Number of protein chains: 2
Amino acid sequence: MSKEITSRATDYSQWYNDIVLKSGLADYSAVKGCMVIKPHGFALWENMRDVLDRMFKDTGHQNAYFPLFIPKSFLSREAAHVEGFAKECAVVTHYRLKNDPNGGGVVVDPEAKLEEELIVRPTSETIIWNTYKDWIQSYRDLPILVNQWANVVRWEMRTRLFLRTTEFLWQEGHTAHATRDEAIEETRQMLEVYARFAEEYMAVPVIRGVKTANERFAGAEDTYCIEALMQDGKALQAGTSHFLGQNFAKAFDVQFRDKQNNLDYVWATSWGVSTRLIGALVMAHSDDQGLVLPPRIAPLQVVIVPIMSKDPAAQARINEVADKLTAELRAKGVTVKYDNDDTTRPGWKFAEYEMKGIPVRVALGARDLENNVAEVARRDTGVKSSVQLDGLGDHIVTLLDDIQSELYRRALEFRTTNTHRVDTWDEFVKVLDEKAGFIAAHWDGTGETEEKIKELTKATIRCIPLNNPAEEGSCILTGKPSSQRVLFARAY
Amino acid sequence: MSKEITSRATDYSQWYNDIVLKSGLADYSAVKGCMVIKPHGFALWENMRDVLDRMFKDTGHQNAYFPLFIPKSFLSREAAHVEGFAKECAVVTHYRLKNDPNGGGVVVDPEAKLEEELIVRPTSETIIWNTYKDWIQSYRDLPILVNQWANVVRWEMRTRLFLRTTEFLWQEGHTAHATRDEAIEETRQMLEVYARFAEEYMAVPVIRGVKTANERFAGAEDTYCIEALMQDGKALQAGTSHFLGQNFAKAFDVQFRDKQNNLDYVWATSWGVSTRLIGALVMAHSDDQGLVLPPRIAPLQVVIVPIMSKDPAAQARINEVADKLTAELRAKGVTVKYDNDDTTRPGWKFAEYEMKGIPVRVALGARDLENNVAEVARRDTGVKSSVQLDGLGDHIVTLLDDIQSELYRRALEFRTTNTHRVDTWDEFVKVLDEKAGFIAAHWDGTGETEEKIKELTKATIRCIPLNNPAEEGSCILTGKPSSQRVLFARAY
């Protein structure tokens with residue numbers, strides 16, 4: 001099975017596609033740029049969604065649902081927003097088909113043309129702020145802390161499974177506040193929620209930072225982000241949280257009366273993460289044998305594989321141990337499957353669960369059981385050990401925690417090793433080409449220089465880290481003075 | 001507050017809209033026919049979704065996600081399906097907008113026309129069976145038991161909140177089987193899952209039945225359904241489960257090799273329920289004071305309202321009792337909120353929670369507490385009682401069960417009272433107009449007669465109940481012989 005996966009060293013990009021397809025996460029579809037999320041991939045997304053949803057609710061948010069379609073004119077209301085989002089999108093122009101008068105099939109009915117075209121939402125600020133106008137009159141109606149889980153569509157010319165697809169699943173939080181400070185606090189709070197989720201559940205260390213003006217969300221005053229480093233040394237933006245100022249309130253005329261009865265525009269935030277996170281997860285931990293999943297979000301944490309015995313007594317003993325272990329692990333909150341399908345061999349199952357990234361595999365064989373031990377294999381390191389049956393359940397619970405920590409530790413070590421401080425242009429280019437990773441370098445603070453560096457090297461400023469220390473220096477490209485280092489990388 | 005609701009007697013239809021809008025379930029949107037599901041409505045949907053999702057998983061199903069868009073040509077592949085679904089739908093014809101050369105705003109870029117139009121899914125049989133073609137080669141790949149939670153779009157000219165909206169949320173199960181019998185068994189199993197959900201969680205009794213050929217899903221060999229009766233005597237189809245035969249397998253050429261290595265087409269089912277269920281829930285239980293929610297799916301089961309005291313010691317005692325009760329109820333798995341907002345009065349809160357359908361309200365006043373009692377009000381009957389603090393938590397848990405049972409009992413009694421056996425045409429018309437409800441009557445079994453009855457009375461055959469007793473009789477319209485009664489009603 002593992003032979004079917006291209007190795008990372010051979011072709012990283014092909015390795016990624018192989019992992020996604022062969023581990024059963026997703027599949028290509030008949031619709032250009034859209035994918036099918038297969039059961040294993042969707043179960044992973046459900047686990048991620050459920051954890052995030054709990055974190056959103058614990059911070060006071062409620063879910064709601066807004067229309068899939070946005071009237072075309074709404075997109076033009078906010079000047080920066082339309083530039084960012086109105087261009088590459090799916091446009092609904094008609095609402096009926098009819099039988100083809102020239103024979104087979106159906107054609108668009110020209111008489112069913114919409115007066116105003118509808119856009120399939122690329123993001124929902126406009127339709128939501130148009131709704132908030134009806135919900136907000138007074139400070140008593142604030143804050144509004146709403147999130148929606150939805151599908152969105154951005155027409156992409158070059159797509160990649162999970163990382164960039166025309167349709168994707170995400171959540172988008174849209175909050176409304178009475179003051180600027182409260183909105184900024186919300187923006188930062190949700191960034192921290194994303195960072196905690198990435199680190200504690202996905203085992204992916206992230207840099208918390210703020211985007212430069214060039215890289216900001218279209219319509220935001222500030223875009224905060226978390227940035228992760230993939231195994232090929234490229235960065236991946238894993239989540240963003242936007243402080244929108246009063247831009248959308250002004251565009252949709254959403255004003256409120258404060259306690260002093262003065263009218264003011266409402267302050268806004270929006271924040272989102274998407275199925276792209278699954279791409280980040282794959283590229284952060286997986287290896288040439290397949291997917292590697294952190295136990296805290298794995299759809300299945302433990303698989304028990306019997307080495308079938310022809311001796312009925314021995315087989316009964318295997319089943320008995322498996323059933324007992326299954327019950328014990330379930331009682332401890334561990335997801336577990338006893339795969340006693342007798343149409344496939346143990347070796348095939350081992351490879352299959354390895355490919356699917358199941359964190360722990362327990363093999364039960366008659367001879368091992370005679371010695372009161374089982375073979376326990378951990379997916380992250382591939383290490384197998386012989387473990388006493390007595391205490392096996394507890395051993396596995398501890399092992400799952402170990403795997404979670406080890407994945408994070410490894411990813412953090414990788415990032416540390418692959419973050420470089422660079423002070424000259426030559427070194428910058430050399431490091432980018434030979435080592436990749438994050439580069440902490442001085443920049444003169446202008447959009448022109450940022451753009452020029454991108455043109456020359458394809459590297460972008462991923463973010464200005466939060467709590468970045470002040471440091472005098474000279475811009476690597478222009479030599480102009482700089483007061484802090486920023487983080488560059490080539491990125492997904 | 002309740003004065004704002006039109007009474008059922010005055011205008012049932014307006015009453016329904018008032019309830020949905022004023023209880024915070026949903027709102028109209030800027031997009032014709034689409035609605036905004038507000039936090040209270042979405043929390044209800046989440047609870048319904050979570051219960052159903054657990055029932056689907058307990059019967060071996062997994063979730064997946066398929067594209068929002070369907071290539072236009074796919075719809076034409078199954079002859080009956082295209083007639084049913086290809087006509088009123090949202091058609092994506094372009095993938096880009098551009099700045100209007102004549103000034104303000106954006107216009108559709110004529111150069112960005114799709115070669116083949118994409119349809120926003122009205123249901124996903126076609127795109128899914130096109131995918132299953134790649135997933136199924138042998139009997140070993142079967143069954144496929146997949147469900148998806150998704151939004152779908154059917155262009156509707158006349159829409160009603162929840163009951164009929166252009167976009168709605170639903171789940172659609174799509175399964176693939178090696179044999180006809182197994183597929184039929186699956187179809188019936190999922191019908192039973194829906195019926196149990198409606199009765200045990202929504203407290204809505206349903207008739208399990210099968211549709212006549214005229215009312216079948218477009219592309220199905222048999223459509224099973226559950227039918228509920230609303231308070232105005234109209235029926236509402238609350239869920240359907242379709243046996244699709246080999247129709248979609250043939251349309252998308254999905255064949256498999258059986259154990260004997262013979263090629264055959266795969267057998268299919270599909271089944272779905274939608275946010276329409278929320279409309280059914282509203283119309284089954286609510287009253288002229290607002291929403292009435294069954295405890296098992298209510299977003300909030302218990303609200304505790306303090307009668308604020310100016311005496312600090314008395315107020316401290318109120319808070320203490322509230323906190324203790326809150327903790328006790330949460331430990332028993334009950335959702336509870338202590339609403340100690342001091343900017344609104346108790347009377348306002350009572351009306352608000354009544355409107356929102358919260359099953360149990362506990363009022364805590366200083367004088368009551370001196371007597372070691374609290375006032376407990378149940379939303380379904382409006383009955384208030386004074387309950388000893390000692391054992392209050394257990395009392396509430398029992399009361400929630402009582403409310404759940406009572407709602408079901410009441411709805412069942414209503415249905416029994418409003419189900420009429422009718423044997424003549426005159427009586428049929430008279431009962432329809434004067435009493436409404438379900439009418440059990442003889443029908444000659446032809447589509448023509450069914451159509452004629454619909455034209456004359458707007459009543460349709462809701463279903464042929466499962467396990468319907470054989471009974472000789474004469475068709476109410478034609479007088480031709482009939483072997484069983486079927487259920488007629490006017491319907492949503």
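1. Let's start with a sheet in chain A. Four bridges join β10(A) to β11(A), and the two strands run antiparallel; strands count as paired if DSSP finds at least two bridges between them. Within this pairing, R208(A) stands opposite I226(A) of β11(A). The labels follow DSSP runs, with helices being H or I of at least four residues and strands E of at least two, numbered from the N terminus.

2. A word on conventions before going further. This is a predicted model, in which local features need pLDDT of at least 70 and side-chain atom pairs count only at pLDDT 80 or more, while totals for chains, interfaces and linings use all residues. Residues are numbered from 1 along each chain as its sequence is written, and chains are lettered from A and ligands numbered from 1 in the order in which they are written.

3. On to the partner of β11(A) in a hairpin. β11(A) and β12(A) are antiparallel and joined by eight bridges, one of which can be followed through E227(A), whose bridge partner in β12(A) is Q237(A). Five residues lie between the two strands of this hairpin, and in the turn G233(A) has a positive phi of about 85°. Strand β11 of chain A, residues 222-229, is mostly covered, with seven of its eight residues buried. Here a residue is buried if 20 or more other C-beta atoms lie within 10 Å of its own, exposed if 12 or fewer, and partly exposed in between, with C-beta atoms placed from the backbone.

4. Which residues does S241(A) touch, leaving aside its neighbours within four places in sequence? The contacts are T187(A), M190(A), L191(A), Y194(A), Y224(A), T269(A) and W271(A), where contact means that the C-beta atoms, placed from the backbone, lie within 7 Å. The C-alpha atoms of S241(A) and V210(A) are separated by 9.3 Å, and the two residues are 31 apart along the chain.

5. Now for a pair of helices. The axes of helix α2 (residues 39-58) and helix α6 (residues 180-201) of chain A come within 11 Å and cross at roughly 140°. Axes are lines fitted to C-alpha atoms, for helices over the stretch in contact, and angles run from 0 to 180 degrees between N-to-C directions. α2(A) and α6(A) are therefore oblique to each other: angles under 35 degrees count as roughly parallel, over 145 as roughly antiparallel, 65 to 115 as roughly perpendicular and the rest as oblique. V51(A), L52(A) and M55(A) of α2(A) make the contact with V193(A), F197(A) and Y201(A) of α6(A). By class, this contact has six nonpolar, no polar and no charged residues. Ala, Val, Leu, Ile, Met, Phe, Trp, Tyr, Cys and Pro count as nonpolar, Asp, Glu, Lys and Arg as charged, and the others, Gly among them, as polar.

6. Helix α9 (residues 312-331) and helix α12 (residues 392-417) of chain A have axes that come within 9 Å and cross at roughly 50°. α9(A) passes α12(A) in a right-handed crossing. L325(A), E328(A) and L329(A) of α9(A) meet L392(A), G393(A) and I396(A) of α12(A), giving four nonpolar, one polar and one charged residues.

7. Some backbone details deserve a look. The peptide bond from L142(A) to P143(A) is cis, with omega near -5°, and P143(A) lies in the loop between α5 (125-135) and β8 (144-153) of chain A. In chain B, a cis peptide bond joins L142(B) and P143(B), with omega about -5°. A203(A), which is not a glycine, has a positive phi of about 60°; A203(A) lies in the loop between α6 and β10 (207-210) of chain A.

8. Finally, the interface. How many residues of chain B are in contact with chain A? There are 53, and they meet 54 residues of chain A. Strand β5 (residues 88-99) of chain B gives the most to its side, with ten residues. By class, the chain B side has 33 nonpolar, eleven polar and nine charged residues. Five bridges join β5 of chain A to β5(B), running antiparallel; E88(A) has R96(B) as its bridge partner in β5(B).

Key
Two residues are in contact if their C-beta atoms, placed from the backbone, lie within 7 Å. A crossing is left-handed if the near helix is turned anticlockwise from the far one by less than a right angle, and right-handed if clockwise.
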